[in-house]
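Open the model in your viewer and keep the selection tool ready. This tour goes stop by stop, with something to select at each one.

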Amino acid sequence: MFLQQLLNGLSLGGVYALMAIGFGLIYNVLKFSNFSHGGVMLIGCYTAYFAFKIFHSSLFLTLLFGAISGGLCAVIFEKLAIVPLRKRNAPKIYFFVNSINGGLLSEYLIVATVGVFFHTFPDFLGTTNINIGQISFSKLNLTMLIISLITLFGLMWYLYKTKSGRAIRAVACDINTASLMGVDVNQVISLTFFVSGLLGGLCGVFLGINYTIYPQLGKLIVKGWMASVIGGLGSLLGPVVGGILLGVLETFLTAYISSSFTPILEFIILLMFLLIRPQGIAGVIVEEKV
Amino acid sequence: MNKLKMIVILMAMFFLLFSYSWGASEGEILVGNIQDMSAGTAIWGQNDTNGILLAVEEINARGGILGKKIRLITYDTKGDPTEAINAYNRLVDLDKVVAVLGPPTSNVGIPLASIAERKKVPVIGDFMDERATTHSGGVWNFMFLTEPCCSEQAEIAASYAIKELKLSKFAVIYNKANSYSVKMAIPFMSYVIKHGGEVLITETYLFGDTEFRAQCTKIKNANPEAVFVPGYVKDNALIAKQLRGIGVDVPIIGNNSWYVPLIELAGAAANNTYFPNNMAIDIPRFQDFMKLYEKRFDMEPLIHACMGYDNMNILADAIKKAGKLDPIAIKDAIEQTDYLGVMGKIKFNPQTHRPDRMPLVMLKIENEEYVTIGEYLAPLD
Amino acid sequence: MSFYQGLIILVVINVIAVIGTFLLTGMTGLLSFGQASFMALGAYISGMLAVKFNIPFLLAILMAIIASVFVGFIIALPVVKLRRDYFALTTFAFGEFLKAVLNQSVAITGGATGLAGIPFKVNIWIVLISLIIVILLVRNFRNSKFGKECLAIRDDELAARSCGIDSSRKKMTVFLFSVAVTSFAGCLYGFYTCYIDPSMFGWTKSSELVIMVFFGGLNSLTGVIIGTTFLTLSLEILRFTGAWRMFVYVLIMIILIDFRPQGVFGNWELDGRTFEKFLHIPSSIIFKKEK
């Protein structure tokens with residue numbers, strides 16, 4: 001049973017990792033926790049659903065559609081709630097506060113327009129489980145895990161090997177110096193949001209396929225937040241590893257104790273972890289973030 | 001400072017807007033409706049409201065009650081008790097409704113009980129928790145529940161599983177953070193144990209959880225004869241899918257959140273489930289209602305639509321019986337209700353304001369369709 | 001008790017809870033994402049004392065506040081030593097921790113089924129008097145030497161420590177004060193709704209409190225009071241927008257924060273200086289001369 005629970009944990013971890021990677025990009029570059037990522041996931045999921053209903057697209061196209069609409073949604077959010085704050089040199093904490101509002105705004109937009117009823121994607125991947133002997137593994141979760149690793153490598157390639165990726169890293173290091181070096185900071189920030197939105201929309205579609213499409217889907221982002229923070233700053237590997245570890249931890253706590261005790265132990269473990277290793281799992285000690 | 005002045009002016013405007021108050025115009029009966037229309041249980045609230053609207057339109061088309069037309073005023077609570085208290089106060093003090101139709105959730109129902117007692121405008125709803133209709137000193141005089149309370153529902157499910165399906169070894173998986181789920185699970189388990197059955201394993205989950213594989217794995221290893229899954233419809237669907245996915249094929253016993261849209265959400269995983277439902281679906285009374293509902297709202301009715309429809313009709317009957325638009329007289333008339341609705345025969349026990357010993361209808365899911373088995377009541381013993 | 005009275009009671013309870021959050025974030029810069037859990041502590045402890053032991057209203061509240069501060073102390077010991085950015089996550093996890101504890105302890109607290117039957121004891125005078133007491137306490141606290149040292153810590157902890165200010169102890173004290181105020185709001189809440197359950201005190205409620213603090217103004221007590229009143233009332237007023245109510249509400253908040261990112265009221269306070277400017281009267285006539 002241990003092996004099965006480990007696989008269950010990796011399944012859950014894959015979901016969290018995919019959420020955390022988009023979240024972590026903004027966290028690393030702009031140094032704040034972007035709660036509107038949940039809203040981006042939500043909108044990506046719903047637009048992909050409507051695209052599917054109208055065009056009967058394949059899985060790949062539906063994912064693509066979700067990703068792109070997620071990216072656009074993230075940029076819209078940036079224009080609406082972040083740019084005005086940046087123009088006024090607002091302290092970082094206001095970005096955080098406004099991002100919470102951004103997430104809520106998407107949820108209420110869906111409730112007011114599409115409505116509160118549940119929708120589902122069809123079973124894209126056929127039978128949902130792979131069974132090898134006594135062990136069972138969800139195909140969908142395995143896919144999410146693989147996709148989060150692929151996007152991790154894809155993102156690292158993008159950031160280290162392309163010109164715009166380098167610009168993003170420059171802004172992550174120091175916004176002012178980057179602009180002195182000729183980087184159009186505003187454009188780069190919008191680009192960062194777009195990329196994180198692509199990942200968010202992609203994740204949203206997967207969440208919708210796996211868990212039903214409903215307006216409160218965005219609230220799952222708190223797990224992505226936890227994963228990013230414990231994953232640490234300074235590298236994108238952190239959020240992914242953080243997500244996987246969080247999934248495994250939660251699954252083992254549920255398996256060997258009980259699901260209702262999980263938040264109790266999670267708090268204690270989190271506290272000890274942050275006291276002992278404040279740079280997170282894969283991070284470097286940097287100046288304080290929100 | 002200029003901006004500040006602007007803001008202060010804006011706020012003054014708001015306050016002015018606010019001090020407008022409404023009331024009934026001649027020829028109108030105002031009925032309040034308190035529901036969650038935008039948060040986690042909004043699907044219930046909107047369906048409930050739709051059912052009420054259907055009833056209101058039918059009644060008005062027949063000429064209304066006491067020569068007046070009904071106007072429904074709906075306030076959204078987001079499932080939050082404080083918003084519900086505000087809404088109730090607003091309906092009673094500003095809008096001056098004669099009665100209120102309440103939500104199918106108890107976390108709103110229970111706070112409404114104490115305030116309804118103080119303000120004396122009756123509330124008819126489907127808040128299954130016993131504490132919404134009775135307290136240690138007796139009954140909440142202005143609250144009425146139009147379905148069996150949760151312990152009765154759980155006992156019906158348990159009794160059917162033990163006596164009719166002849167099952168005795170159960171696994172239970174329920175939402176520990178949800179009062180509705182907890183209040184079904186606990187009586188179910190006590191009933192099973194009291195009647196010679198065994199609860200092999202109890203698993204829990206919390207709100208917001210979407211992955212239940214860890215719990216499902218443990219349930220599979222415990223090898224039960226049936227699994228009791230009393231949650232909200234979305235959680236039930238996911239659990240069914242994940243249980244079946246991992247290889248647990250034994251019958252699932254459900255609660256009354258296994259009707260529409262569960263099959264839509266769970267697909268083939270929902271098969272081999274037995275659950276108590278508020279209404280039979282193969283009788284003309286329901287079929288007629290379903291056709292009207294689908295024609296008006298272009299979707300299948302949930303159980304809450306039936307609840308709203310019946311509640312409004314019960315209220316209309318009571319107003320007619322009372323003969324006047326006085327909330328206390330209406331409350332007295334509601335107590336005398338003897339009504340045959342879509343959900344069956346509803347008659348309140350005056351000591352509890354609940355339809356004690358009202359049977360539920362056992363449904364089965366087979367070939368991705370609902371099949372009516374029949375009315376069932378846990379035998380008294 | 002009319003609708004308006006009920007609304008005012010609710011607004012004031014919210015304001016007191018937000019003042020509790022404001023105290024912490026405004027004076028130490030620590031962002032607490034678990035304030036609702038302290039409301040839960042206050043509500044549950046005072047509620048249980050009243051329901052199970054028939055302890056009178058005021059005594060129950062006093063005991064609840066003391067107990068909450070004690071719990072806050074135990075939590076704060078490890079937590080204030082954390083870096084600022086981790087404080088939010090840890091307090092969030094604490095909020096979930098407390099909710100899980102409440103859900104588990106079915107025998108004591110009723111678990112998810114909640115605590116019903118709390119006597120209805122709150123009226124408009126009680127809340128207004130409470131509000132005035134809280135405002136006076138907080139205002140004096142902020143204007144004291146202690147308060148000013150806290151502001152130093154908030155703005156630049158390293159510099160403050162090099163001036164000899166013991167930042168950990170100060171943060172702890174402010175945290176405990178904030179817990180006391182927030183749990184007091186929770187007690188009032190319980191005695192008003194007469195029913196509490198753990199789901200009412202989740203991280204969504206905590207985030208609402210935090211947002212209201214930032215909306216009102218991190219440096220302005222008056223701002224926070226007026227801002228919270230405005231937001232709580234507009235939720236009721238906006239009912240005419242029907243299905244779009246919440247969307248409009250959040251949109252208004254975003255736009256106002258966009259335009260006033262120091263909070264709607266920034267640094268403005270309703271105190272001696274404002275009166276001076278407004279009425280051209282020296283403030284010493286109305287207010288005690290500040291040192």
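Select helix α5 of chain B, residues 150–164. In this predicted model, helix α5(B) lies across β8 (169–175), β10, β11, β12, β15 (360–366) and β16 of chain B. Check its direction against β16(B): the helix runs at about 95° to that strand.

Now show the sheet under discussion. Chain B has an open sheet of seven strands with mixed pairing. Trace the order: β9-β8-β10-β11-β12-β15-β16. Which strands form the edges? They are β9 (198–205) and β16 (369–376) of chain B, and each pairs on one side only. From one strand to the next, the twist averages 20°.

Zoom in on two strands of chain B, β11 (residues 252–254) and β12 (residues 273–277). They pair in the parallel sense, over two bridges. Select B:Ile252, and you will find B:Thr273 of β12(B) opposite.

Next, the rings. Over all chains, a search of the whole structure finds 49 aromatic pairs. Select B:Tyr180 and B:Tyr232. Their ring centres are 5.7 Å apart, with 35° between the planes, and the pair is tilted. B:Tyr180 belongs to helix α6 (residues 179–194) of chain B, while B:Tyr232 sits in the loop between β10 (226–229) and α8 (233–246) of chain B, so the pair ties together parts 52 residues apart in sequence. Buried or exposed, these two tyrosines? Both B:Tyr180 and B:Tyr232 are buried.

Move to chain C and select C:Phe87 and C:Phe175. The ring centres are 6.0 Å apart and the planes stand at 85°, so this pair is edge-to-face. C:Phe87 lies in helix α4 (residues 84–104) of chain C and C:Phe175 in helix α9 (residues 167–193) of chain C, so the pair ties together parts that are 88 residues apart in sequence. C:Phe87 and C:Phe175 are both buried.

Then select a whole cluster joined by ring pairs. From chain A, take A:Phe23, A:Tyr27, A:Phe35, A:Phe96 and A:Trp225.

Finish with two lysines over rings. Select B:Lys234 and A:Tyr214: the charged end of B:Lys234 sits over the tyrosine ring, 3.8 Å from its centre. Then select B:Lys331 and B:Phe142. Here B:Lys331 lies over the face of B:Phe142, at 5.2 Å from the ring centre.

How values were computed: Residues are numbered from 1 along each chain as its sequence is written. Chains are lettered from A and ligands numbered from 1 in the order in which they are written. This is a predicted model: local features need pLDDT of at least 70, side-chain atom pairs count only at pLDDT 80 or more; totals for chains, interfaces and linings use all residues. Side-chain values use heavy atoms; hydrogens and water are left out. Rings of Phe, Tyr and Trp (its six-membered ring) pair if their centres lie within 6.5 Å; planes under 30 degrees apart count as stacked, over 60 as edge-to-face and the rest as tilted. Helices (H or I, at least four residues) and strands (E, at least two) are DSSP runs, numbered from the N terminus. Buried means under 20% relative accessible area, exposed over 50%, partly exposed in between (1.4 Å probe, protein chains only). A charge sits over a ring if NZ of Lys or CZ of Arg is within 6 Å of the ring centre and within 35 degrees of the ring normal. Two strands pair if DSSP finds at least two bridges between them. Axes are lines fitted to C-alpha atoms, for helices over the stretch in contact, and angles run from 0 to 180 degrees between N-to-C directions. Contact means heavy atoms within 4.5 Å.
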